[in-house]
Amino acid sequence: CWKTYLGRPVADPDRFRIFSMGILGAALLESSRCEEALRAFEATLALKRRYWSYDEGSILVTQGSLATCFAHLGRLDEALVLRRL
């Protein structure tokens with residue numbers, strides 16, 4: 001199951017793995033599985049901030065995806081905070 005891989009420790013951060021997690025989040029969001037997409041995007045964002053903090057564009061894209069998830073879940077205050085960053 002894909003959920004197994006989200007919680008695994010990352011000894012050697014792999015851009016392809018993180019990129020794949022972002023694609024997974026987008027697919028889940030498109031399938032209206034917003035709670036699951038939120039977890040995927042949160043994990044992706046945490047890894048990007050930890051290992052690629054200099055890649056601001058990529059981090060902003062992931063924050064935008066999180067904001068979209070929050071909006072779909074009715075968590076509008078949290079969505080607004082991310083949109084303003």
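The questions below go from the chain as a whole to one helix, the cores and the cysteines.

Trainee: What is the secondary structure of the chain?

Mentor: This is a predicted model. Its chain has 5 helices and 0 strands, and the order of elements from the N terminus is α-α-α-α-α. Buried residues account for 36% of the 85 residues.

Trainee: How do you know that the length of H2 agrees with its number of residues?

Mentor: The 16 residues of H2, at 1.5 Å a residue, should span 22 Å. The C-alpha atoms at its ends lie 23 Å apart, which agrees.

Trainee: Which residues of H2 are buried, and why are they said to line one face of the helix?

Mentor: The buried residues are Ile 18, Met 21, Gly 25, Leu 28 and Leu 29. Viewed down the axis of H2, they fall within an arc of 100°, so they line one face. The face turned away from that buried side carries Phe 16, Phe 19 and Glu 30, which are exposed.

Trainee: Which residues have the most contacts inside the largest nonpolar core?

Mentor: That core has 14 residues, and those with the most contacts inside it are Leu 29, Ala 37, Phe 41, Leu 66 and Cys 69. Helices H2, H3, H4 and H5 each supply at least two of its residues. A second, separate core has 5 residues, among them Met 21, Ala 43, Leu 47 and Trp 52.

Trainee: With which residues is Ala 37 in contact, leaving aside its neighbours within four places in sequence?

Mentor: They are Gly 25, Leu 28, Leu 29 and Cys 69.

Trainee: What makes Cys 69 and Cys 34 count as buried?

Mentor: The term requires a relative accessible area under 20%. Cys 69 has 0%, and therefore counts as buried. Cys 34 has 12%, so Cys 34 is buried too.

Notes: Residues numbered from 1 in each chain as written. Predicted model: local features only at pLDDT ≥ 70, side-chain atom pairs only at ≥ 80, totals over all residues. Heavy atoms only, no water. Core = buried A, V, L, I, M, F, W, Y, C linked by side-chain atoms within 4.5 Å. Buried < 20%, exposed > 50% of the residue type's maximum accessible area, 1.4 Å probe, protein only. Helix = DSSP H or I, 4+ residues; strand = E, 2+ residues; numbered from the N terminus. Contact = heavy atoms within 4.5 Å. Expected span 1.5 Å × (residues − 1). Arc of directions from axis to C-beta.
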